[in-house]
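Please keep the viewer open as you read.

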Amino acid sequence: MARLLLIEDDLAIRTPLIRALRERGHAVAAASTAMAGLRDALEERPDLVVLDLGLPDLDGRELLRMLRAVSSVPVIVATARDDETEIVRVLDAGADDYVVKPFTAAQLDARARAVLRRAPGGGTPDPTLVVGGLRVDPRSRQVTLDGAAVELTPREFDLLHHLAARPGQVVTKRELLSEVWQIPYGGADKTVDVHLSWLRRKLGESAQEPRYLHTVRGVGVRLESPQATG
């Protein structure tokens with residue numbers, strides 16, 4: 001049984017959604033304001049938060065940023081806008097997935113189960129990945145480089161883990177958007193470039209002088225041990 005926190009101010013949406021999710025085996029708590037939702041997320045420690053962006057006291061994106069500053073709880077954002085710019089914005093702000101209104105309880109349940117499977121402890125964890133001096137541990141979601149800890153955001157970790165699981169393989173931006181961001185390809189590859197730039201900086205390298213992350217122009221990116229390329 002997963003413990004879900006639904007932050008939604010519309011009673012006409014909240015009440016039937018709570019009932020339907022409980023019928024699907026989830027324990028569901030609810031909050032109708034951003035501040036109540038933030039308090040409940042910190043005190044109750046749910047397995048997953050479903051966050052409506054249109055809240056009465058605070059914009060949902062601001063609440064997402066506040067939540068991400070103090071918690072790594074998985075978050076699914078509910079938005080009425082389905083344009084790519086909006087979706088990329090909320091995913092880059094720290095959301096793990098999104099649903100576009102109107103949506104059914106069955107859709108939300110499926111996305112919640114998928115997000116929880118990807119979360120730490122959501123299934124049989126993969127072994128620690130080692131590429132040269134880089135160690136990526138999916139169980140603790142910790143990364144070390146030559147023995148030193150590397151602090152990554154949840155999205156940066158997911159990106160690095162996906163690449164480290166395929167050492168020496170060129171991974172396309174289309175695949176990264178689909179598998180790491182769960183969004184369709186189509187003009188959103190700039191978000192991949194930005195995250196790769198941040199990741200390179202934290203690994204102490206650059207696109208001009210790569211050690212682990214090698215851009216294959218027009219194709220994608222390849223993570224490889226420096227020994228393999230040296």
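Val77 stands opposite Tyr98 in E5. This is a predicted model, and that residue pair is a handy place to start. Strand E4 (residues 75-79) and E5 run parallel and are joined by 4 bridges. Both belong to an open sheet of 5 strands in the order E2-E1-E3-E4-E5, with parallel pairing. At the edges stand strand E2 (27-31) and strand E5 (97-100); each has a single partner strand, so one side of each is left without a neighbour in the sheet. From one strand to the next, the twist averages 20°.

Helices cover parts of this region. Helix H2 (residues 34-44) packs on the sheet and touches strand E1 (3-7), E2 and strand E3 (48-52). The direction of H2 makes about 165° with that of E1.

Which residues of H5 are buried? They are Ala105, Leu108, Asp109, Ala112, Ala114, Val115 and Leu116. As background, an α-helix has 3.6 residues a turn, so residues three or four places apart point the same way. The cover over the buried residues of H5 includes helix H1 (11-23), E3, E4 and E5.

Now to another sheet. Here 4 strands form an open sheet in the order E6-E7-E8-E9, and the pairing is antiparallel. Its edge strands are strand E6 (129-131) and E9, each of which pairs on one side only. Neighbouring strands of this sheet are turned by 25° against each other on average, direction ignored.

| Hairpin | Bridges, antiparallel | Residues between the strands | Positive phi |
|---|---|---|---|
| E7 and E8 | 4 bridges | 4 residues | Arg141, near 55° |
| E8 and E9 | 3 bridges | 2 residues | Asp146, about 55° |

Strand E7 covers residues 134-137, and strand E9 covers residues 148-150.

The bridge partners of E8 can be followed residue by residue. Thr144 is the bridge partner of Arg135, and Thr144 also stands opposite Ala149 in E9. Val143, for its part, stands opposite Val150 in E9. Helix H6 (residues 154-164) lies across E6, E7 and E8, running at about 110° to E7.

Finally, a look at empty space. Rolling a probe the size of a water molecule over the atoms shows where such space is left. The second largest pocket has a volume of about 320 Å³. Its lining consists of 16 residues, of which Lys173, Thr215, Val216, Arg217 and Gly218 lie nearest the centre. Which elements give two or more residues to this lining? They are helix H7 (173-179), helix H8 (189-202), strand E11 (213-216) and strand E12 (220-223). H8 gives the most to the lining of this pocket, with 4 residues.

Note on methods
Residues numbered from 1 in each chain as written. Predicted model: local features only at pLDDT ≥ 70, side-chain atom pairs only at ≥ 80, totals over all residues. Heavy atoms only, no water. Pairing = 2+ DSSP bridges. Axes fitted to C-alpha atoms, helices over the stretch in contact; angles between N-to-C directions. Contact = heavy atoms within 4.5 Å. Buried < 20%, exposed > 50% of the residue type's maximum accessible area, 1.4 Å probe, protein only. 1 Å grid on protein atoms, 1.4 Å probe; cavity = no way out; pocket = protein on both sides within 12 Å on 5 of 7 lines; lining within 4 Å. Points joined across faces, edges and corners; volume = space filled by probe spheres on them.
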